[in-house]
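Subject: Structure handover

Hello,

Here is the structure you are taking over, with notes on what was found in it below.

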Amino acid sequence: MTKMIFISLPVENLEASIRFYKALGFSQNTQFSDGESACMVWSEAIHVMLLSHDKWRTFTTRPIPPSTSSEVALNVSCENRAIVDAMCVAAAANGGTIDINPIQDLGFMYSRDIADPDSHIWGAFWMDPTAMPAKD
């Protein structure tokens, strides 16, 4: 069985978050979605569970972090630089904030950081390991 990761995120507006993630290229698995949660699929192994604040509170009593904090940054690989840029365009058009950190262009790697509507941080990146500088 393939090992999978399910990332759970509390969201204030479930429908807006679904639109945002679909615009970035995620698909929705309706089998694991209901009026309080939505399963968004990045790949066979990576899923994001969007949970309304009420649903989130059924999993933990820990407080939902304020949108001004950064608890974790999630990074997803893209096939090329153009897809990184396209994700940023889609994020900005769907309630996200782009380039919350400086764009990183190292030649062999290109990345841009996005905040979703609830300020969860996503890094979209492309990398060509064969072009990495040799270590001395």
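Asp 105 is partly exposed, with a relative accessible area of 43%. Its side chain forms a salt bridge with Arg 81, and the closest N and O atoms are 2.9 Å apart. Arg 81, at 31% relative accessibility, also counts as partly exposed. Asp 105 sits in strand S7 and Arg 81 in helix H3, 24 residues apart, so the pair links distant parts of the chain. Please keep in mind throughout that this is a predicted model.

Other salt bridges

The whole structure holds five salt bridges. One of them joins Lys 55 to Asp 34, at 3.9 Å from N to O. Lys 55 belongs to helix H2 (residues 53-56) and Asp 34 to strand S2 (residues 27-34), so this contact ties together parts that are 21 residues apart in sequence. Both ends are partly exposed: Lys 55 at 25% relative accessibility and Asp 34 at 42%.

Arg 57 and Asp 54 also meet in a salt bridge, again with 3.9 Å from N to O. Here Arg 57 is partly exposed, at 48%, whereas Asp 54 is exposed, at 57%.

Backbone

Most residues other than glycine have a negative phi. Asp 99 lies in the loop between strand S6 (97-98) and strand S7 (104-105) and is partly exposed, at 28%. Ser 119 is not a glycine either, and has a positive phi of about 70 degrees. The loop between S8 and S9 holds Ser 119, which is partly exposed with a relative accessible area of 25%.

Strands and core

Strand S4 (residues 46-52) is mostly covered, with six of its seven residues buried. Strand S1 (residues 5-11) runs parallel to S4 and is joined to it by seven bridges; Pro 10 stands opposite Leu 51 of S4. Strand S3 (residues 37-41) pairs with S4 in the antiparallel sense over five bridges, and Cys 39 has Met 49 of S4 as its bridge partner. S3 and S4 form a hairpin with four residues between them.

The largest nonpolar core has 26 residues, of which Tyr 21, Met 40, Val 48, Leu 50 and Trp 122 touch the most other members. Elements that give two or more residues to this core include S1, helix H1 (14-23), S3, S4 and strand S5 (73-77). Helix H3 gives the most, with five residues.

Cysteines and surface

How many disulfides does the structure hold? The count is zero. Cys 78 is in no disulfide, and the nearest cysteine sulfur, that of Cys 88, is 8.6 Å away. A disulfide needs two cysteine sulfur atoms within 2.5 Å, so the sulfur of Cys 88, with its closest cysteine sulfur at 8.6 Å, is too far for a bond. Cys 78 is buried at 11% relative accessibility, and Cys 88 is buried at 1%.

On the surface, Met 1, Met 4 and Phe 6 form a nonpolar patch with about 400 Å² of accessible area together. Met 4 lies in the segment before S1 and counts as partly exposed, at 39% relative accessibility.

Regards

Key:
Residues are numbered from 1 along each chain as its sequence is written. This is a predicted model: local features need pLDDT of at least 70, side-chain atom pairs count only at pLDDT 80 or more; totals for chains, interfaces and linings use all residues. Side-chain values use heavy atoms; hydrogens and water are left out. Buried means under 20% relative accessible area, exposed over 50%, partly exposed in between (1.4 Å probe, protein chains only). Two strands pair if DSSP finds at least two bridges between them. Patches are made of residues with over 30% relative accessible area and no salt bridge: like charges are joined within 9 Å, nonpolar side chains (Val, Leu, Ile, Met, Phe, Trp, Tyr) within 5 Å. Accessible areas come from the Shrake-Rupley method with a 1.4 Å probe; for residues, only the protein chains shown count as cover. A salt bridge is a side-chain nitrogen of Lys or Arg within 4 Å of a carboxyl oxygen of Asp or Glu. A nonpolar core is a set of buried Ala, Val, Leu, Ile, Met, Phe, Trp, Tyr and Cys residues joined through side-chain atoms within 4.5 Å.
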